[in-house]
Structure formats: C-alpha cells, structure tokens
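Okay, thanks for coming, everyone. Let me put the structure up and walk you through a few places in it.

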Amino acid sequence: MRYYNFFRRNFQNVASEFSQQPRTNRRASPSAFQSLKAKKGLLLKVAAGAGLLALLKIEHAPDQWSQDFTSGMGLGWLYYHFGSLTWDFIDPEVGHIIAIKGLALPHSTRARLGLVNNWRDNDALSTNVCGMQFHNPVGIAAGFDKNGEAIDGLIDTGFGFVEIGSVTPVSQPGNPQPRVFRMVADKAIINRYGFNSQGADEVAERLAHREAEHVNGTDCNGRPWEGLGIVGINLGKNKTSVDAAQDYITGIEKLGRYGRYLVINVSSPNTPGLRALQAKETLQDLLLQVKAARDKLEFEIGASRPIFLKIAPDITEEDKKDIAEVSKSVGIDGLIVSNTTVTRSSSLQSQHKVETGGLSGAPIRDASTQLIRDMYTLTGGQIPIIGVGGIFNGQDAYEKIRAGASLVQLYTGFAYQGPVAVKKMKWGLLAHMHADGYDSISQVVGADHRLATPQQLAKKQKQKGKQRDTAPTPSYELPTWRDYVVTHPLYQHTKEWSLVRMLFAKSS
C-alpha cells in the first residue's frame with residue numbers, strides 16, 4: 001500500500017496544481033508543464049498500472065476471479081479516484097451523455113469494463129415499500145436516465161431501483177445549452193434541462209423491447225428479478241401544454257404498464273408554471289384525475305402501480321400541511337422529497353452560483369432531510385417517502401432514513417463519484433445499522449421520531465456502548481485494488497512483471 005498511496009498522492013498533487021492554473025493560461029503555463037515533466041516517471045507508472053489493470057480485466061473476464069476483480073475495479077474505480085481530472089475538459093452535459101452510453105453497453109462489455117456489481121446485497125438492506133420488494137434502499141433519481149436507455153446498466157451497478165424520466169407525452173428538446181453546470185467546490189450541480197425528452201411513444205417502445213428480452217431473467221445477484229427489476233417512471237408535462245392533467249394521464253396510459261411505480265413531477269423549477277400545480281386545490285384536482293387514470297390502468301393490466309408525488313424543497317410551512325392533507329385525502333401511495341432548489345445560499349463558492357436552474361447536491365442536503373422529517377410528521381408516517389437531495393455517503397442516506405425516508409435516491413453524488421459510490425453507500429448503511437443495533441433497514445425508518453426525549457436518547461446511547469463492549473464490530477471496509485491484484489494468477493506466477501510487484505508490494 002506504501003507505493004500505491006505514494007503515487008496516487010503525487011499524481012493528485014500534479015493534477016491539483018494544473019487545475020488551479022487560470023483557465024485562460026493553462027495551455028501556456030510553464031509551472032504546470034514543468035511539474036508534469038518533473039513527475040514524468042511517476043505518471044508513466046500511473047499509466048502503466050492503469051493499462052495493466054485493463055489488460056487483466058479484459059483478457060480474463062470470463063473466470064470467477066475476474067468477475068470479483070471487475071466488480072471492485074474497472075472504470076468505476078478509476079472514475080471514483082481520478083474522474084475529477086476530466087472535469088475541466090469535458091462539458092457536464094457531454095459527460096452525462098457519455099455515462100448513459102457507457103451504461104447502455106451490452107452486459108458482457110460492461111462486465112469487462114468493471115461496471116457490473118457481482119456482490120450480493122446483504123439481506124438486512126432488503127425492504128418492502130408499497131408492495132414492492134427492494135433488494136436495497138438505494139436508487140438512482142429521475143433526471144439521470146431520462147429516456148430509459150441504461151436501466152440494466154444502472155441495476156447492474158448495484159442500485160436497488162431505477163427511476164427514469166421525466167418523460168413527457170410529446171418529445172421536446174428542453175432549454176437551450178449550456179444548461180448544466182458543475183460546482184465542484186460546493187459538491188453541487190445546477191441544471192436547467194427543462195424536461196428534454198424523447199417522448200412517451202419512443203420510451204414506451206424501448207421499455208417494451210427490454211421486457212421482451214428479459215423474460216425469466218435474473219438480477220446481478222443471481223436471484224430472479226421481480227418482474228424486470230424495480231423501475232419507476234417519472235412523468236412530466238410538455239412546456240407548451242395547456243392541460244397538465246391530460247399530460248400526466250397520457251403518460252400513465254402509454255407508460256404505466258412498464259413501470260413498477262409512477263411519479264407525478266410537479267416540482268421541477270425548469271418548466272414554467274409547473275410548481276404552481278402544488279397549490280392545494282389545483283393539486284387535489286390533478287391527483288384525483290391521475291388516480292382515476294391509474295385505477296383504470298390497474299384494472300386493465302391486473303397489477304398495482306403505486307403513485308408517488310415529487311415535491312419541491314422551496315415550499316412554505318402552509319404548503320407542507322396542504323400537500324400532506326391532500327396526499328392523505330386523495331390516497332397517494334408515496335412522496336418523493338425533494339426536487340432541486342432555486343434558493344442560493346451565501347456560502348456557495350462556485351462562479352456558477354449565479355446561473356438559473358435547479359441546484360442539487362451537498363448544499364441541499366440538510367434542507368431536504370428536514371423536509372423529509374416534516375412530511376413524515378405531517379403524514380403520521382402513513383405515507384412512504386423516498387428521500388433525495390445531497391446524498392454522498394452512507395451517513396447521508398442513513399440520516400434521511402432515520403428522518404422518515406423508506407428509500408433514498410442519488411443523483412449528484414453519483415455524478416461526482418460514479419458507480420463505486422453505490423457500493424460504498426450500502427456498506428456505510430450496514431455499518432451505521434450495526435452501530436445502532438438494527439437488524440433491518442426497515443427498522444431504521446423514522447427512528448428519529450421514536451426518540452421522543454433526550455433521556456430516551458441517552459439511554460439508547462448507553463445501551464449501544466454496552467453492545468460495543470460485548471460484541472465485536474464487523475468490518476465493512478471495501479477491498480482495495482491491491483487486494484485484487486495480488487491474488488490474481490498473473491501476479492503470483494509471472495516473474496517478469498517487476499513493475500507490478502513494485503507497485504503493489506506490501507510495505508515492510
């Protein structure tokens with residue numbers, strides 16, 4: 001590990017110095033080029049190591065060791081550690097498209113590139129929400145795979161469920177570019193996509209084709225899929241539409257049979273007039289029509305299709321009460337809390353903070369968690385909540401579940417960290433569950449609301465301390481790349497690869 005930490009630290013130092021150069025002077029910056037030249041040997045080792053890893057994966061992907069190797073390595077691992085080096089050169093929207101195309105590759109190709117998770121989810125993460133059995137509570141939020149192109153790739157990454165969309169009845173290009181902005185210093189993204197969608201007909205055709213290809217399939221853990229994996233479909237209205245309710249009804253009619261649950265999105269800040277649908281009377285009328293269309297669909301297909309309502313974080317206390325009241329009276333199955341925000345904190349550092357659009361990522365984490373807590377209280381815990389907003393690690397997800405979320409979704413955290421983030425998050429959840437003495441993730445939901453007094457909290461902390469003293473804490477550390485490489489037959493039996501031995505030898 002000594003050599004690995006050494007060359008990674010120096011590689012990042014060079015990259016950091018290069019990235020700190022003013023954008024206009026980077027091409028001619030003597031300092032950056034001198035540093036790169038001075039580190040030439042080190043950079044060659046990095047390139048050789050990366051090339052070797054790719055060689056080991058691609059040439060030996062069929063065997064069981066390689067499946068384990070690629071599940072913890074590959075492009076996902078490289079992006080997690082070195083992806084930031086590309087952010088100055090690749091436009092955010094272009095990077096988004098590349099990610100979708102990569103995850104849409106055939107399964108065999110993705111396996112060789114290390115984009116398939118072969119590790120079985122711990123049963124403690126399994127949970128049932130609205131009659132749907134989730135292998136784990138971590139999903140990908142709508143907005144990432146807008147047109148259902150990479151569903152299988154995302155499920156293979158380790159997500160417990162995938163939500164596609166927003167899908168509009170008729171195709172539309174969305175807002176003019178540029179419309180996505182990275183805010184690296186703030187761990188945030190601003191987007192103003194504006195429901196760019198290929199339309200319900202094309203997405204329905206793609207989902208029908210996927211359904212025909214996956215008859216009697218199994219998931220990435222080798223267990224039979226419940227249907228085709230849990231896929232939610234987020235429905236939106238067209239920008240120029242004058243009848244929002246009819247747009248959502250059209251979406252239900254065309255796409256409802258292909259999704260395990262449906263989402264009514266009335267909270268995007270990038271479609272004019274959309275958030276006005278959250279007003280009490282307007283929302284109630286909309287949801288009644290939507291529910292009637294859903295009930296008709298369920299009768300036709302003979303299967304349930306829960307409806308979730310996605311709300312904005314920028315709502316008043318009165319709005320929260322109204323939404324909770326309407327949701328309970330109409331009989332909405334669940335809430336998604338929350339969408340992006342139009343609020344800009346004074347603590348934001350990025351130059352892009354002045355851009356219009358929805359802000360997601362770390363700056364919205366606390367507001368989203370508080371809104372989850374409020375909606376859980378207002379609904380009496382009777383309506384399941386999917387928590388979204390600023391989730392980057394297991395602790396972030398755990399806090400939202402304790403606040404009242406039954407499931408959580410990533411977007412910005414996945415964009416910044418890549419596929420490895422999903423695995424690390426699930427292990428982080430397990431570690432927090434063990435520390436608090438929970439055997440199942442469903443026991444954690446709303447736990448904060450059950451600790452009514454400081455005395456109860458102190459008692460629980462005291463009990464937790466005793467448990468730690470009497471029971472060993474299991475390790476949830478992920479294997480490192482050295483753990484994989486040194487167990488590979490090529491490493492153990494080929495003496496000629498001295499570079500490999502030098503890079504991955506144990507420190508004395």
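First, a term: pLDDT is the predictor's confidence in each residue, from 0 to 100. We need it because this is a predicted model, where local features need pLDDT of at least 70 and side-chain atom pairs count only at pLDDT 80 or more, while totals for chains, interfaces and linings use all residues. Residues are numbered from 1 along each chain as its sequence is written, and side-chain values use heavy atoms, with hydrogens and water left out.

The chain averages a pLDDT of 81, and 71% of the residues score at least 70. Over residues 17-30, though, pLDDT stays under 50. The model has 15 contacts beyond four places in sequence for that stretch, contact meaning heavy atoms within 4.5 Å. Residues 483-501 also stay under 50, with 37 such contacts.

Now look at Arg182, in strand 5, residues 180-183; strands here are DSSP runs (E, at least two residues), numbered from the N terminus. Is Arg182 buried or exposed? It counts as buried because its relative accessibility is 18%, and buried means under 20% relative accessible area, with exposed over 50% and partly exposed in between (1.4 Å probe, protein chains only).

What does its side chain reach? The backbone oxygen of Ile90, at 3.0 Å. The backbone oxygen of Trp87 also lies 3.0 Å from a polar atom of that side chain.

Key:
Helices (H or I, at least four residues) and strands (E, at least two) are DSSP runs, numbered from the N terminus. A polar contact is a pair of N or O atoms within 3.5 Å; within protein, one must be able to donate a hydrogen and the other to accept it, and residues adjacent in sequence count only if both atoms are side-chain atoms.
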